[in-house]
Amino acid sequence: MSRIQLRNVHKRYGDTAVLHDINLTIEPGEFCVFIGPSGCGKSTLLRLIAGLEEISSGELEIDGSVVNDLPPAKRNVAMVFQSYALYPHMSVYENMAFGLRHMKMPAAEIDQRVQAAAKSLHLDGLLERKPRALSGGQRQRVAIGRAIVRNPKVFLFDEPLSNLDAALRIKTRVEIARLHRDLGSVSMIYVTHDQVEAMTLANKIVLLRPDTAAKGLPSVAQVGHPLELYHHPRNLFVAGFIGSPSMNFLKGQAIACEPSRLRVKLHGGLEVAANLIAPQMHPNEELTFGVRPEHVVLGQGNGRGVVTHLEHLGETTQVYLQIPGQDAMLLAKGGLTGMKLGDTVAFDLPADQAHVFRADGEALPRPASADDWPVAA
Amino acid sequence: MRTSRGFQLMYWPLAIAIVIVSVFPLVYAFSTSLKQGTALFSPTLWVDSPTIANYLMLFKQQSFGRNLLNSVFVATGVVGFSLGLSLLAAWALGRVSFRGRGALLLTILSASMFPQVAVLSGMYELVNMLHLYDSLGALLLSDLVITLPFTVWVLVTFMSQLPKEVEEAAMMDGLGLFTLIFRIFMPLMWPAMVATGLLAFIAAWNEFMFALTFTISPEMRTVPVAISLVSGNSSYEVPWGSLMAASVIVTMPLVALVIYFQRHIVAGLTAGSVKG
């Protein structure tokens, strides 16, 4: 059992601030995913926790003691690298045993741990092979095995699947989820740029954004359960980043606040509404109205748009609509049969799926719904 | 590799020409070393009545055996020290970033630019100061000074190309610095180590000027100096047979070493990737 806490952690390289004011708690047994666009410092944050980079200021606590100055090996963490970083001249067995031998562990126990890890990772028959005689997926499993045998309290994964092909990626993703379940109370921290990995693996997503120090914002944009970030993004950045394809943003003005509803007039004249918790906005205040492509309803409602592009994905069709008064296209998922380029189509933006953001990008709070059960619970 | 017709046609004739040019002196030396008396002055390669008298005389009349041992001692010593020292130096210069690293590397490089003659007098002072004159230690020291800049540079280049993740994985495993260098990095650098080790060995084995200057007594000489001092029965006779016998003896260990280790160089270069 070990809780990881970061308090006011900053990371600077010279004058360049990479991570700004990180406050974060990772509970024992949690699967925490760091995600964000490239350059947001997610790998750096992982390396700070691993001890491979120094923390510029702030405190990192693992298991109740501050470990800022402890070397990586003393932190009870194990790391799996993106490029596997196996020792190329050693066999699979040696790769897993080498660190333990260095800790002066009795040979019998080393052997037992390595055999157990090899068994659970299906590496039994490969123990005498050198890494160069293994496939990418097998090397990745050896790298995970090398982490498992150390019996760490925290696993750190740095984009572990990005060198694998698509089919193997999905398989290994399931393996890692299973590993997390089997190991019980062990926490895992996982860095990825792949949303699907983040949404499927995480109990907790930490979404980081780049270039925040200059604006005085903390690097962490939002922390929460994947569905919380999906249904209740706290700001424009989170709303735009989580979900694929990303949320539609339409410019508009507030008309009137009701106790649990905000009425909005989009630029171009369309009047829409959003269900919100006690919205506080002045009439005519500028805002951004957001709705996800999968929530746009086509073929009904009083919105009108011209079809400018169609993407047929098989399971669904993505429709790009040009709406008067808006610069951005409205993207809708799920086309209607017989739809053609140039058609004018009716659409509706349901009030219970709408998001509203102030001019500064902050979201107005939405009511909880049945969809986001893990959050409400 | 794409091979054109012209390349295929020319490959064997050219290869044979190169082999003949490079092997001929050795063959001629070998054939001459087996001749005696007036046969020495006939230029044929084939020896009618081969004899090993020249070889025997080398070991009987001079302390050639002792000289050989001296050469082996100095050359292996130089290889050992220079690889050990330059491996450690390569770690510092290739993987640790510190202020003045570039300047230090340049200094090392420029140190290797001085011709041996230019450092001879300075080296003599150094050898004298350390009371190493007329001992093998003097040769160890001076050969080391000459080979180190080269070996350091080669190993730094290789060391800095090793993947950073392997070093970080070792940190996560809690390995100490020397374990990292000698158990992880050294095996990965085997090909480079073998190549530079061979070159250092050859340089020390063939070294003449320091050996001539810093040793005076016959039992401290190394082979190159001993060969130059091989004498005939009278001062009017050039002892061609003995000279050639000595040359053959000196060359053989080098040929054997290169043939043995080249396997390792070729095999090692293809191994050691991190991902594939």
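Predicted model: local features only at pLDDT ≥ 70, side-chain atom pairs only at ≥ 80, totals over all residues.
**Ala73(A)**
- Ala73(A) counts as buried because it has 20 C-beta neighbours inside 10 Å, and a residue is buried if 20 or more other C-beta atoms lie within 10 Å of its own.
- Leaving aside residues up to four places away in sequence, Ala73(A) touches Met171(B), Met172(B), Asp173(B) and Gly174(B).
- Ser369(A) lies 296 residues from Ala73(A) along the chain, and the C-alpha atoms of these two residues are separated by 45 Å.

**Contact between chains A and B**
- On the chain A side, 19 residues are in contact with 20 residues of chain B, and the elements of chain A that give two or more residues to this side are strand E6 (77-80) and helix H2 (92-102).
- H2(A) supplies the largest share of the side of chain A that touches chain B, namely three residues.
- Sorted by class, the side of chain A that touches chain B has 13 nonpolar residues, five polar residues and one charged residue.

**Domains of chain A**
- Chain A is divided into domain 1 (4-239) and domain 2 (245-364), and the C-alpha centres of these domains lie 38 Å apart.
- The contact between the domains takes six residues from domain 1 of chain A and eight residues from domain 2 of chain A.
- On the side of domain 1 of chain A that touches domain 2 of chain A, the residues divide into four nonpolar, one polar and one charged.

Conventions
Residues numbered from 1 in each chain as written. Chains lettered and ligands numbered in written order. Contact = placed C-beta atoms within 7 Å. Helix = DSSP H or I, 4+ residues; strand = E, 2+ residues; numbered from the N terminus. Nonpolar A, V, L, I, M, F, W, Y, C, P; charged D, E, K, R; others polar. Domains from an automatic or database assignment. Buried ≥ 20, exposed ≤ 12 C-beta atoms within 10 Å, placed from the backbone.
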